[in-house]
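Student: I have a model open and want to learn how to read its side-chain contacts. Can you take me through them?

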Amino acid sequence: MKRYNRRPWRKKEKKENEKNDKKEEKIEIPVSKDIDVNLEKMKEILVDCDDIIYREINGGEDLEHRFAIVYTDGLTDKELISDYALESLMHQSRMKPTTDNFKHNLYELAKKGNVAVTEVSEVKSLEKAIDFVLIGETILLVDGFKKIMILSSRGWPMRGLSEPQTETVIRGPRDGFVETSKINTSLIRRRIRDPKLKLKYMQIGKRSKTDVAVMYIEDIVNDSILKEVKTRLKKIKIDAILESSYIEQLIEDNWLSPFPQLESTERPDAVAAALYEGRVALVIDNTPFTLLAPATFSIFMQSSEDYYDRWPIVSIIRLIRYLSLPLALLLPSLYIAITSYHPGMLPTALALYVASTRMGVPFPAFIEAFIMELTLEILREAGTRLSGPIGTTIGIVGGLVIGQAAVEAGIVSPLMVIIVAVTTIASFALPSNSFAAGFRLARFFFMLLAAVLGLYGIMLGLVLLGTHLVSLKSFGIPYFAPYSSAVDMASDLKDSFIRVPVNFMRKRPVYMKLKDKNRMKASKEIYNEKDEDNDRK
Amino acid sequence: MIGSNDKITRAQNSGMIITQTIGVGILSLPRLLAEDFASDGFLLILIGGLVAALFLTILTKLLEKYKGKTVDEISERLLGKFFKEIILIIFVIYYVVVISYIVRIFAEVVKMFLLLNTPTEVIIMAMLLSITYLVRKGIECISRVVQIVIPLVTIPVALLMLTILKDAKLDNLLPFFQIGIGDIIKGIPLVLFSFLGYELIFFTTAFVDNNKKMLRYNLSAISFITTSYILVYFTTYVQFGKEEVKHLLWPTLSLMKTVDIPGAFLENIEGVVMGLWVLVVFANISPALFNGSLALSRITRNKEYKQFVLPLIPIIYILSLMPDNLAEVYEYIDIFTKYFGPSVAIFLPVFLFIVSLFKGKKGEGENA
């Protein structure tokens, strides 16, 4: 990957990491035959971890067989373990007399006959066993055997499925992701009942050992994208992943850009739709936000509800979004440029009005706009962290300060207030918050350019911003596809600034270079098949 | 393939032909034509387009023969190392001069319509620095910008033209066919200069991912250019009439001044058009600057062109500021295009094509 070359210090780190990895492999402790030795060693490693529970039990007719279970308190389904593992080991095993054969096969017999847990596996090193304990599994040690049995018993209190707060829809499914990745993957699997939907687990983070599930539909996905995602994930060397944005920042193409290069969503239906378009999903444990790669400009301008509404309405809404993008980006700078450089561009009546409202204002247009934009950003920041009644207060105070007081005091012109309000509302009309944030940042640069070079400066700024956007790539896919080569990707324009009816979108996105290019068969075939289906019924 | 930054598509390639050709020529084209040919200018544009298409066909055929090769590699194979160096030097000079001339006219236009009091130096410098950023991003980015700029500019301008046509005086067109065949033949070189610019594919075609049926794309670019020239000339001529067009410095921009959209929020639309035109000029200069720095990197036997972009900037800056006024700019450029333009865009492709016909089989034999 090219971008790592720009960070020469990475090489050193890599070497160090490799050394560390080797060391760790060496220390691995094998399971001993003696159960006491094992327990002692485990206690040694897990010293001062009071949430680890050790339970030693005896089974057999004369309590001659020794077992022990170890689990983490709070991460384990206790009922499951006591009812289906402990009871059968302690109680049922006493009913039969002991034979030599029995003793030798104790481990196998317990595994096959006594432990009534659905998922059972085994490990031969203590360290790995401890890893499983920390995930929430229960481990079963049997005296006299060099193996440890892992009983799947994960179960912890979690938030119920609720509607995602950031991406609400009027029509569409109401379930959103939760903080447990297994639940999230199951929500996706429910929408794609296809054996070709693949799920590969990886553990990232040396200490946090966060589960990352790479999901894709095998016969649609573009292999080079998938390979790139996997190699970039493997290259991550970090101690902890707390949220999906850690991974996002570590695997994105351009870390200098203010624009997101991976999509994050809380909606399982959005993930399923993305998988059907051949994208790769990264479901990350401990966060409801799932990452989707690659992501392009046009994807950030879409909302999942776009596909649930009727197409003429959606097309108009999309056009409104594409209109609000330049508004959010350019309106203040256009105000600066026109009032200070090109007042002649306005009709006479409007020009006179603008001049009259600006009469008492003691600042140049740039300062005026800058003050207002800054105030609004501060207000927004203050409002995001507060919730409920305090948040409303901020809104009221802010609205009063900006709307009434500032104008009445003659610090800003009323037109400026309108412009700031429209700008902010327009920036909220963009579906993706992190995407809109990039443009919010760019807005200040445009104001500066407009103050120095007027409309010409704005155009220069647009060229620079355009160059940046066009040069961005998300996992090898041009960020500005399909617009950047519209002639070759004409069919992708059907789902861009407009959305054509579903039955016209027969092809999956061309710019993704997928294996399975067609979403739908030709219309004739569809109608024929429909008839057949009806006949059968 | 991920991370590669040197593949463009055929459509992007011909998109660059469009912006490279239209550029600043379109501003003064109606004046040049109206002076000598009046309403027969259409005919001349059409003929000019056909002639340009002919040369472009020759050039495309030549480039199709040598896939993934730029002009210097082709000429080295056909004529040897010495010629290669000469051709590269010619191209560097050609592009540097062309860019400085475009930049100067651009700055003058911006100064006249947008920034009356800003010094020309500032306008030029700001433009050159932004263009450096774009060019250093690579051919892929340049071609994508071009591809976005074309519809972004064409659609609004076409709509604006429609509003002009509502009070057009069609009588201005009459009388037709006032010029003889001799005049037409004399006029062809004049028109042909407006079609220069396609020679940029000498370099860019090497980066096209699939060069089959390239001719179709390139010819549609030429027909796009011809159509837009004819439309612009038609609207200008219909709006102003022969006598007025003759005396306007940039008739196309003056045309935009007359736009009056009923009920519009903006009165003087030429500011908006100027803004769009800034984009066109960017799309025009960036491939040229790319080619210039690529040629320079080839002369110095360097694989990377990026470090040669910035050194060209001061040269362009000084060259563009050399003429004292616009009249002088147009004087210099007349001399320059008369000798340099055709030699690069017409004689070189034809010459190389003919040589390749003789040496072609031999060359392929060596290849195999």
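**Reading charges and rings**

Tutor: Start with A:Arg174. At 42% relative accessibility, A:Arg174 counts as partly exposed. Keep in mind that this is a predicted model.

Student: Which residue forms a salt bridge with A:Arg174?

Tutor: The general idea comes first. Side chains of opposite charge can pair when their charged atoms come close. Here the partner is A:Glu163, with the closest N and O atoms 3.3 Å apart. A:Glu163 is partly exposed too, at a relative accessible area of 29%.

Student: Where do A:Asp223 and A:Lys515 lie in chain A?

Tutor: Those two side chains meet in a salt bridge, 3.2 Å from N to O. A:Asp223 lies in helix H8, and A:Lys515 in the loop between E12 and H18. The two are 292 residues apart, so the pair links distant parts of the chain. A:Asp223 is partly exposed at 43%, and A:Lys515 is partly exposed at 44%.

Student: Which residues do salt bridges with shared partners join into one network?

Tutor: That network holds A:Glu373, A:Glu377, A:Arg380, A:Arg440 and A:Arg443.

Student: How many salt bridges are there over all chains?

Tutor: The search finds 33. Another one joins A:Glu137 and A:Arg154, at 3.5 Å between the closest N and O atoms. Look at the cover on each side. A:Glu137 is buried at 5% relative accessibility, while A:Arg154 is partly exposed at 28%.

Student: Which residues gather in a patch of negative charge on the surface?

Tutor: A:Asp77, A:Glu79, A:Asp83 and A:Glu87 do. A:Glu79 sits in helix H3, residues 78-90. Its relative accessible area is 58%, so A:Glu79 counts as exposed.

Student: Now the rings. How many aromatic pairs are there over all chains?

Tutor: The count is 31. A:Phe297 and A:Phe435 are edge-to-face, 5.5 Å centre to centre, with 75° between the planes. A:Phe297 is in helix H11 and A:Phe435 in helix H17, so the pair ties together parts 138 residues apart in sequence. Both A:Phe297 and A:Phe435 are buried.

Student: What is the angle between the planes of B:Phe336 and B:Phe340?

Tutor: It is 45°, a tilted pair, with the centres 4.8 Å apart. B:Phe336 and B:Phe340 are four residues apart in helix H15 of chain B, so about one helical turn separates them. B:Phe336 is buried at 14%, whereas B:Phe340 is partly exposed at 21%.

Student: Is A:Tyr479 buried or exposed?

Tutor: A:Tyr479 is buried, with a relative accessible area of 0%. Ring pairs link A:Tyr479 into a cluster whose members include A:Phe259, A:Phe480 and A:Phe497.

Notes. Residues numbered from 1 in each chain as written. Chains lettered and ligands numbered in written order. Predicted model: local features only at pLDDT ≥ 70, side-chain atom pairs only at ≥ 80, totals over all residues. Heavy atoms only, no water. Patch = residues over 30% accessible without salt bridge, like charges linked within 9 Å, V, L, I, M, F, W, Y side chains within 5 Å. Areas by Shrake-Rupley, 256 points an atom, 1.4 Å probe, with all protein chains shown as cover. Salt bridge = Lys/Arg side-chain N within 4 Å of Asp/Glu carboxyl O. Lys, Arg positive; Asp, Glu negative; His and termini not counted. Charge placed at Lys NZ, Arg CZ, Asp CG, Glu CD. Buried < 20%, exposed > 50% of the residue type's maximum accessible area, 1.4 Å probe, protein only. Phe/Tyr/Trp six-rings, centres within 6.5 Å; stacked < 30°, edge-to-face > 60°.
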